[in-house]
Each structure stands twice: as C-alpha cells, then as structure tokens.
Amino acid sequence: MIEFKNISKTYKVAVREGGMKNAMKSLFTRNYKTIHALDDVSFQIGEGEMVGYIGPNGAGKSTTIKIMCGILTPDSGQCVIDGRIPYKERIAHVQQIGVVFGQRSQLWWDVPVIDSFELIKDIYRIDDKTYRRNLNDLTDLLAMGDLLKTPTRNLSLGQRMRCEIVASLLHDPKILFLDEPTIGLDAVSKISIRKFIKQVNEDRKTTVVLTTHDMQDIEALTERVILIGKGKILLDGKYNELRKRASNDKTLDIEYSGTIPELHEGMKLIKAQEAQMTISLNPDIMSVSEAISYLASHTTLMDVSVSDISAEQMVAELYKEYRI
Amino acid sequence: MKKYIFIFRLRFMNSLQYRTVVLGGVLKGFIWGFMEILMYKALYESSGSVFSMSFSQMVSYVWIQQVFMVLFRVVFADGEIYSSIAEGTIAYDLVRPVGLYGWWFSQSAANRLAFTILNCIPVFLLALLVPEPYRISWNLTVGQSIIFILSVLLAFLVVVSFAMLMYISLFYIIAQRGVRIIVTALTTFLSGGVVPLPFFPDKIRAIAQLLPFAAMQNTPLQIFCGNITGVNMIKAVAFQAFWFVTLFLIGKAAMAVSLKKVIVQGG
C-alpha cells in the first residue's frame with residue numbers, strides 16, 4: 001500500500017547569532033545551514049495496517065507524513081502509495097487519503113461544523129448517499145450530534161479534534177494519516193479518540209499511520225511501530241518486541257516505616273521521598289518475590305506495587321541508546 | 001465548479017455573521033465618498049478649467065469607486081491565504097483534491113465579491129438619494145451599461161490575478177506586511193484609486209495607461225463617467241482581457257514552480 005524507498009530530504013535554514021550586530025550583518029550576508037530531515041529512509045506499510053510512527057521532536061516525522069500526503073517533494077528516493085507517486089499526482093492521490101494535523105485545523109473557523117462538512121463534501125465530490133451514511137455513522141460513533149451546529153471557534157479542543165477526524169473520513173479514504181491527533185487533549189478525550197480510531201481501522205479496513213509523542217496512543221492502538229531519529233529509521237517492528245528490547249526491568253514502588261532499607265545488587269534507586277521509594281529491579285539478578293522478601297526483612301513495608309517500565313521511560317531509554 | 005460556488009456561499013455566510021462590519025463598511029464608504037466630493041468641489045470652484053473631467057463626471061467617478069471599493073482592491077483581508085503561507089496551514093490546502101491556484105483564486109474572489117454585494121447596494125442607494133449636484137448619475141445607454149458591467153468583471157479578474165502574484169511572492173518573502181504595504185501603495189495609485197488617471201501628467205499617464213493597473217478600476221470607472229466612449233470602450237475591454245489572461249498564465253506557471261519547493265512553516 002505504502003512504499004518508501006531510500007527517501008532523503010534536506011532543508012536549508014538561514015541561521016544567525018543573536019544580537020543587534022549580527023542582525024545587521026545578516027541584512028547583507030546570510031549563513032545557511034543544511035538540515036537532513038530524512039536520510040535514506042525506507043519502509044513498507046500494508047493495507048489495513050495501523051502503524052505508529054514515533055521519534056523525538058525534529059526527528060523527521062512530519063516531513064515523512066508530508067511526503068506521503070504529496071505536499072513535499074523528496075530530494076531523492078521514491079515513494080509509491082497505492083500505485084501513485086503522491087507529489088507527482090497530488091490531486092488524484094489526495095482523493096484517496098484523509099489527513100489530520102493535530103496542531104492545525106481544517107474546519108472553517110467562523111461557521112458551524114456542518115457547513116465545513118458540506119464544503120468537504122463538494123470538494124471531494126462525495127455523493128449524497130455516501131455522505132449521509134458516513135456522517136451518520138461517524139457522528140453516532142462519537143456521540144457528537146449537537147456539535148454539528150456549533151461554530152468551530154466555540155468548540156473545545158477535544159470536541160474540535162473529534163470533528164477534525166470525522167472531516168477527514170467523510171470521503172472514505174483508503175489511508176488515514178494522523179499527525180499527533182491527541183496533542184493537548186485531556187484523558188477522557190484521548191480515550192474516546194483512540195477508541196474511535198481503532199473502530200475505524202477495524203470496520204473500514206482503513207490503513208492508519210499515526211505519529212504521536214503519547215506512548216499510550218501507541219500502546220492502545222498499534223502493533224507495529226517505526227522509530228525515527230535524526231532522519232534515520234532506527235527500529236521497525238512489533239511494539240511488544242520493542243518493549244522487551246528496551247528493557248525488562250520492573251519498577252517497585254514501596255511505602256515503608258522505620259529504617260531506610262539498603263538496596264541489594266540488581267536494585268537501582270529511581271526516586272526517594274520520605275517513607276517512599278521507587279526502585280528499578282533487574283529480574284535476572286533478583287526475582288520480584290525475592291526482592292519483596294528482602295525488602296520486608298530490612299524494613300516495615302506498608303505498601304508495594306510492581307509494574308513494568310512505563311512506555312514513556314522505555315522511549316526515553318531508546319532515545320538515549322541511539323543518542324537522539 | 002460546484003466546490004468553487006460553495007466557497008463563495010461560505011464566504012457570504014461568513015460576511016453575514018458579522019453585521020457590524022457590514023454596517024461600518026457602508027458608513028465608511030458613504031462618508032469617505034462625500035468628503036472626497038466636497039474636496040473636489042472646492043478644487044473645481046477655484047480652478048475648474050484645468051481638469052480633464054467635468055464636476056458631474058467626477059461625482060459619478062467617486063461614487064462608483066466607493067460602490068466597488070472592495071472589489072477593486074488588490075490587498076484585501078485574505079486572512080486565510082496569508083496564514084496559510086506564514087503559519088503553514090497550506091498543508092491542509094494541499095491535501096485537498098483541487099489545484100491550489102484555482103482554490104486560492106476563488107477564495108480571494110469570493111472574499112471580495114461577498115463583501116461587495118453586502119456593501120455596494122446600500123452605498124449606491126445612498127448616492128442616489130443625496131441632492132444634486134452630489135447625486136450619482138447613470139447616463140449610460142443599455143449597450144454601454146453592458147460593456148460597463150463586462151469591464152467591472154474584467155477589472156475584478158485582473159485585480160484577483162494580480163493579488164495571486166502577490167500571494168505567490170510570499171512563498172519567497174515571508175514578511176508579508178512589507179509586501180502588502182508596497183503593493184497597496186503601488187496598485188492604488190497606478191490604478192487611479194487616489195487620483196483618476198486622466199489627471200496624471202501626460203508623460204506619466206502614457207506609461208501608466210499601458211500597465212496592468214490601468215486595467216483595474218480605472219477602466220470601468222472611466223466608462224461609467226463617460227470618459228471612454230464608442231470604439232474606445234471595446235479597445236479598453238480588450239486591453240483588460242489581455243492583462244487578465246497574461247497575469248493568470250504567469251500566476252499559474254509561478255505557482256507550479258513554487259509548489260515544487262514549498263516548505264511548510266511551523267512543523
């Protein structure tokens with residue numbers, strides 16, 4: 001469905017040192033810096049797949065999405081999506097895709113949401129039947145009937161994002177690109193958006209490519225993740241494998257009273273507060289049950305909870321490992 | 001075609017959403033026009049013979065200029081297009097299955113047209129109600145009226161296609177404010193927005209009359225106040241058509257080149 005072959009893209013950015021003197025100087029001569037946004041990137045995504053595309057800020061995620069949407073032209077390499085080269089046949093290509101940029105809005109600011117939807121219907125030449133069906137299905141799924149009559153500017157961010165996603169699905173796209181769809185949303189909105197995306201992927205067999213910084217999005221949605229850093233693909237595989245690879249350390253949160261326990265080999269202190277501790281445990285050296293009985297023999301344990309390393313920690317570790 | 005009509009509808013609804021703006025526009029047009037006429041009246045009374053238009057021609061020129069003010073303005077509030085380039089919402093414009101030139105052109109045209117329709121009728125009615133000699137006079141025959149309307153339409157198309165060139169230049173020059181100031185000054189002056197072109201000194205007028213700016217408000221206004229008549233009207237309209245086609249083709253080509261190296265601002 002999506003094939004990305006040896007794609008590179010560089011940007012030229014004007015740079016100058018701060019300060020008045022340098023500002024004056026830059027009026028006459030400018031220094032440019034070349035940024036390698038993408039450096040020989042290749043991957044393939046199959047039909048109906050849901051892929052998480054992760055990486056720190058500036059890694060090249062948005063550039064990749066924009067090339068796949070036909071907005072940017074790569075310097076070298078080839079991208080073929082559904083038999084077309086997006087940036088060469090932009091208009092035919094975009095008819096088949098839906099896009100949500102979490103940081104921008106595609107709805108017209110001053111008019112009720114339904115008017116924006118109607119315009120999208122005309123732009124994509126959606127026939128009445130398909131439009132009605134999609135609109136009903138999608139708005140039911142998100143329980144947002146009342147929102148349609150409200151002008152976009154009066155919507156909360158969570159409400160707006162739901163409308164944005166519906167807007168990008170009205171024309172039955174084969175592929176849905178979501179660029180940080182949960183950015184800035186509260187927990188409830190995030191959960192409802194995730195549920196919705198999952199449902200769309202399952203019911204409509206829409207291929208979904210998702211970029212995010214929220215690892216819970218990845219955990220809830222995608223089996224496959226692609227990790228990009230400094231313009232290069234670092235990892236491409238199943239989320240669970242990635243997780244194992246990162247670390248299988250356990251995290252122990254304990255509450256205690258009395259003496260401060262000494263740590264055994266294989267334990268590492270992450271955080272200590274009064275009568276509370278967070279310890280990272282390497283289960284190869286000491287099993288969880290051993291660790292608990294060890295701690296219990298050294299202090300009075302009030303409470304213990306054991307968890308796997310959090311997704312955020314895992315990604316932070318991966319970033320560190322690859323120095324990105 | 002349907003999608004372009006819809007853009008217009010959306011714009012129109014948008015304009016209606018803000019009634020105070022419409023009211024303000026009408027008042028401004030009327031008062032400004034009236035003041036301009038009073039100024040010219042003073043000038044005509046002191047030395048009427050040096051002007052190449054009669055006072056009643058002048059009155060019609062000023063009123064019809066106010067009626068079509070927005071339609072003939074190169075730099076108008078096309079907020080969406082400016083922010084599209086400056087802040088990167090162009091990313092959304094480009095994931096639509098429409099050509100960007102046509103999309104922006106119709107957006108820009110719809111902005112002006114919607115505002116004009118809401119504005120021009122009240123100003124025109126007011127200009128008909130004021131007492132002589134300040135009243136607007138419609139002295140055109142049916143045939144002339146048709147050519148006048150055609151000329152208004154062409155002037156409008158020249159204005160929008162020129163504005164398109166300005167938008168495309170913003171791909172290269174990010175600071176839009178400077179461009180807007182320069183273009184406003186240049187186009188308003190050279191299209192006869194400050195002083196009618198017939199009042200220009202001969203040598204400057206000879207050049208100014210060949211530029212695309214002369215195909216903007218200058219032509220329909222001159223036709224309306226009877227300064228261009230007969231065969232010259234056909235010539236004037238052909239001149240406008242020439243500039244519209246030329247600017248349109250340049251704009252389309254420039255847009256195609258720019259889009260190949262577009263960079264989306266703001267990630």
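A residue is called buried if 20 or more other C-beta atoms lie within 10 Å of its own, exposed if 12 or fewer do, and partly exposed in between, with C-beta atoms placed from the backbone. The structure is a predicted model, in which local features need pLDDT of at least 70 and side-chain atom pairs count only at pLDDT 80 or more, while totals for chains, interfaces and linings use all residues. Residues are numbered from 1 along each chain as its sequence is written, and chains are lettered from A and ligands numbered from 1 in the order in which they are written.

Helices (H or I, at least four residues) and strands (E, at least two) are DSSP runs, numbered from the N terminus. In strand β5(A), 5 of the 5 residues are buried. Both faces of the strand are covered, by this criterion, with I97(A), V99(A) and F101(A) on one side and G98(A) and V100(A) on the other. β5(A) pairs with strand β6 (residues 175-179) of chain A in the parallel sense over 5 bridges; pairing requires that DSSP finds at least two bridges between two strands. Within this pair, G98(A) stands opposite L176(A).

T212(A) lies in the loop between β7 (207-211) and α8 (215-221) of chain A. T212(A) is buried because 21 other C-beta atoms lie within 10 Å. Contact between two residues means that their C-beta atoms, placed from the backbone, lie within 7 Å. Leaving out residues up to four places away in sequence, T212(A) touches G52(A), I54(A), E180(A), T182(A), D217(A) and I218(A).

In chain B, helix α2 (residues 19-47) has buried residues G25(B), G29(B), G33(B) and I37(B). These buried residues pack against α3 (55-67) and α6 (100-129) of chain B. The axes of α3(B) and α6(B) come within 8 Å and cross at roughly 160 degrees. Axes are lines fitted to C-alpha atoms, for helices over the stretch in contact, and angles run from 0 to 180 degrees between N-to-C directions. The two helices α3(B) and α6(B) are therefore roughly antiparallel, a term for angles over 145 degrees. W63(B), Q66(B) and V67(B) in α3(B) meet C120(B), V123(B), F124(B) and A127(B) in α6(B).

Between the chains, 23 residues of chain A are in contact with 20 residues of chain B. On the side of chain A that touches chain B, α2 (61-68), α3 (90-94), β5 (97-101) and α4 (113-123) of chain A each supply at least two residues. α4(A) gives the most, with 4 residues.

How values were computed:
The expected span of a helix is 1.5 Å times one less than its number of residues. Angles under 35 degrees count as roughly parallel, over 145 as roughly antiparallel, 65 to 115 as roughly perpendicular and the rest as oblique.
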